[in-house]
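The sequence and structure come next.

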Amino acid sequence: MTSIAKPPVKHPTARTNGLGLTLRDYEGAMSTLCAGCGHDSVTAALVQAAWELELEPHRVGKMSGIGCSSKTTAYFMKQSHGFNSVHGRMPSVTSGAAAANRGLTYIGISGDGDSLSIGMGQLSHAIRRNVNMLYVIENNGVYGLTKGQFSASADVGSTSKKGEANEQQPIDPVLLALTLGCSFVARSFSGDKRQLVPILKAAIAHKGLALVDVISPCVSFNDHEGSTKSYAYTREREVEAVHADFIPLKREITVPETGEQVRVVELHDGGRVRLRATAPDYDPTDRESAYAHVRACQKRGEIATGLLFVDENGRDMHDYLKTVPTPLIDLPYEELCPGRAALDKLMERYR
Amino acid sequence: MSGINDFAFKMGTVNGTGSASANALLMQAIFRMGIPVTGKNIFPSNIQGLPTWYEIRVSKDGWTARPSAVDLVVALNPATYAKDVKAVRTGGYLVYDSTWPMDPDLVREGITILGIPFGQMMVEHFEGDRDRTLLRNITYAGSLAALLAIDTTVIERMLSEKFGKKPKLLDANHKAFALGYDYAKAHFACPLPFHLEAMDRTGDSILIDGNTACALGALYAGATVGAWYPITPATALMEQFKAFCEKYRVDKATGQHKYAILQAEDELAAAGITIGAGWAGARAFTNTSGPGISLMQEFIGLAYYTDIPAVFFDIQRCGPATGMPTRTQQADLLSLAYASHGDTKHIVIFPSDPRECFEMAVQAFDLAERFQTPVFVASDLDIGMNDWMVKRFDWDDTYRPDRGKVLDAKALEQVQRFSRYLDVDGDGIAARTLPGVGGKGAYFVRGSGHDKHGQYTEDSDAYQELVDRLKRKIDGSAEHLPAPVVSHQPGAEVGLVTIGSCEAAVHEAAELLRREGIHTDYMRIRAFPFSEEVRRFLGRHEHTFIIEQNRDAQLRSLLAIELGVPRDQMTPILDYGGMPLQAQTVVQAVKTHLAEVPA
């Protein structure tokens, strides 16, 4: 992972959030990705979301695996601890970190190679475990760092830069997540910040694993005509099913009612997400209809986007584990060791 | 060799028929009579239907190695009659079920054959296949109690402890036991020439297996995160940890847990969870065996290269591949010492019995945090799954975990710039911070090339500086690891060097050799990398025997690689068939070699 430090320039007129931090305070090292890479837009959206949510940077753990997407954890929130682990294994490292310290916000960044091939097992089981984290898949249908091989999310018929067509069935992370019981499933587009930022905010506030699949075109290897993960193709085929507005706990709901179908889901931290279905009769709290909608869009050659499904009443990893509210790392040793008297007593059991 | 309180017997049964509890009952009864005793469970990788044996050795002198000869065999599995009859020493005894005509396989000159109609008694006294199958085990325990003079009041107390709350079961067990006991008394001259007489040599001891001991060590060390994937013979370690946590780590008022145990999707994830938790600041561990270690290689390298503490319990079994999952071996030594690709070297510690499992488990967590690196506790199936007689465990209430160099928010205020991998003290150990601490302490863990500041690099000098520091760190740990156990005999010329569970047999072998006039010095290696004391011992002896349980003399290789000791000065004694080592194996190998080599 390459990174170049940005000069610490503070503009005197830059707006600050409730913590007195500017957007710049949420930035990281200079990106070394290709100019125009979708991932950099996702990074910008994450910076915006974190700034708007007023996350304390040092209370965030940035987690990633290997690949272009996984590099991006270096490009935002330089005041956060980061962990660039091994290929496809970010979910297990995050599971361990979250088990040890449930007090942090975990932002996991992965890609279609990292999550849908080598790391598919780990992704699936992180969903099953319902780790409390944001899980972003920067999905471009291609292996960028090794220069252009198809990934498991490449659509049938999508062509490589050399013109070769992919013949194998794609793995769709959204359908996968819906099938596995994921409690927050969204899809967005790196070129649609208006849609992406509120989704990221709601995803971060969500209790449990929030999967956000972001179509994030690879300008070097998968942005040509014939690719189904290009900017042009995605812009043209993107169909937003549900628009999400995130409303934090402390802010009054001032969004005027428009008469549209609006559903408000209260998030675990007390914030709310206001879901506005743009497709008739779409119910984002119904897993089956979400699945059916995504499949129907696919059949029409469209890409279903938006906050497609949310269930805020699910149980997360710590619920299953019945862990104390205090992070395990903060428990004093005296509470963990039964001591000599208990050992002496226990020894009698082995006589 | 056999006599009062000095003999061995074994039961050959079919697994899944409930013989384990009867065997445990016998062993525990002998232990409670104050007589040193050891049990070895030789079991198949199977749930029901395959042959299984349980060997019990009684030794007034306290020898705990697998017996070299068996005085009495209870043969209850027709599938293994031929093998079981062969196992009896000449002059020994065989017990078989005389309900049916005697199988020709059971006929052998030179041994005494005792027929007891177990099957018939079951049919006459109990109803239903299940009861008959299960209670037959208690009946043979009854017969053995008569033949070997086991104190029946001890047995009765134990049955009451076990079934006290279930009067129906208690009655059935009492009845089954009496059937076997009375039959033997009525038909044979009881007790046999070798039998038991109460002693007082077990008062300060316990019977415990190594997996339970490791789990207890993890509990006392303050480990809060355990991640694992079930695998024989390591499974019980986490199950015991869970049981201990349920007993000691559940908040009584709320029912909430002060621990997290994650059964992962595979060993890769188990390693990842352990490392993630270690990075976050928890004492975390995983338990596995050889196949799991193979799968964890990539993560082990990551933790090594990024200075993350993690504890790995490797309960070794016969490899390679699936190998023999229920047989013991010490064949992971090389793959642990240099686990993962690239230049690596790891701290490995080697317990020899459950007591050391307990102590070393605690040490492992201290070492992992102090040296910020993966630490392996290399146990094996013999230690992990068999009940060993060991001294009671001690605990010092003044113990506090060694968390190593961790800068908290306050300490960071004193630091101008925090550089994650800067070696300030010259010991190769750089201070770390935990996620969640203030902004200055933030750093980026990367498995890719990084410099002492934690920044990405592809610069040769910066890379070398970092990996040289890691080498300095691990090499520097050698004198802080468990020291070798060394003992000398006057006039000894040869040295016996061993590791782990071989200790029991090698100790006994040294005594047997001494009685034959062959004097030996002894060293049991307890840690890798090797300390100066290990080097000195090898330097003092022109010739040593390296005794270990693998085919390729892996310990010898490590000694040759790390210390430069010429291989021809170290004669390997290798026992790798999967059974716990026997003293006679060592005695014979040493004598044969000394006879071949002119003094």
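Leu200(A) touches Ala45(A), Leu46(A), Ala49(A), Leu134(A) and Val212(A), leaving aside residues up to four places away in sequence.

The model is predicted. Its largest nonpolar core has 270 residues. Which of them touch the most other members? They are Val185(A), Leu200(A), Leu308(A) and Ile30(B). In soluble globular proteins, nonpolar side chains tend to be buried together.

## Chain A as a whole

Chain A holds 12 helices and 12 strands. Its C-alpha trace spans about 75 × 50 × 50 Å along the principal axes. The radius of gyration of chain A is 21 Å. A compact globule of 351 residues would have a value near 20 Å, so the two agree.

Of the 351 residues of chain A, 54% count as buried. Take the contacts in chain A with a separation of 6 or more: 72% of them join residues 24 or more positions apart.

## Domains of chain B

The domain assignment divides chain B into domain 1 (6-187), domain 2 (208-391), domain 3 (409-479) and domain 4 (485-596). How far apart are the C-alpha centres of domain 3 and domain 4 of chain B? They lie 40 Å apart.

## A mixed sheet in chain B

In chain B, 6 strands form an open sheet. The order is β2-β3-β1-β4-β5-β6, with mixed pairing. Strands β2 (37-42) and β6 (112-116) of chain B stand at the edges. Each has a single partner strand, so one side of each is left without a neighbour in the sheet. From one strand to the next, the twist averages 15°.

One pairing in chain B joins β4 (residues 70-75) to β5 (residues 88-97). These strands run in the parallel sense over 5 bridges. Val73(B) stands opposite Leu94(B) in β5(B).

## The A–B interface

How many residues of each chain are in contact with the other? Chain A gives 51 residues and chain B gives 56. On the side of chain A that touches chain B, the elements giving two or more residues are β2 (81-84), α3 (90-100), α5 (120-129), α11 (333-336) and α12 (339-347) of chain A. The largest share of that side comes from α3(A), with 8 residues.

Methods:
Residues are numbered from 1 along each chain as its sequence is written. Chains are lettered from A and ligands numbered from 1 in the order in which they are written. This is a predicted model: local features need pLDDT of at least 70, side-chain atom pairs count only at pLDDT 80 or more; totals for chains, interfaces and linings use all residues. A nonpolar core is a set of buried Ala, Val, Leu, Ile, Met, Phe, Trp, Tyr and Cys residues joined through C-beta atoms within 7 Å. A residue is buried if 20 or more other C-beta atoms lie within 10 Å of its own, exposed if 12 or fewer, and partly exposed in between; C-beta atoms are placed from the backbone. Two residues are in contact if their C-beta atoms, placed from the backbone, lie within 7 Å. Helices (H or I, at least four residues) and strands (E, at least two) are DSSP runs, numbered from the N terminus. The radius of gyration is taken over C-alpha atoms; the globule rule is 2.2 Å times the number of residues to the power 0.38. Domain bounds come from an automatic or database domain assignment. Two strands pair if DSSP finds at least two bridges between them. Axes are lines fitted to C-alpha atoms, for helices over the stretch in contact, and angles run from 0 to 180 degrees between N-to-C directions.
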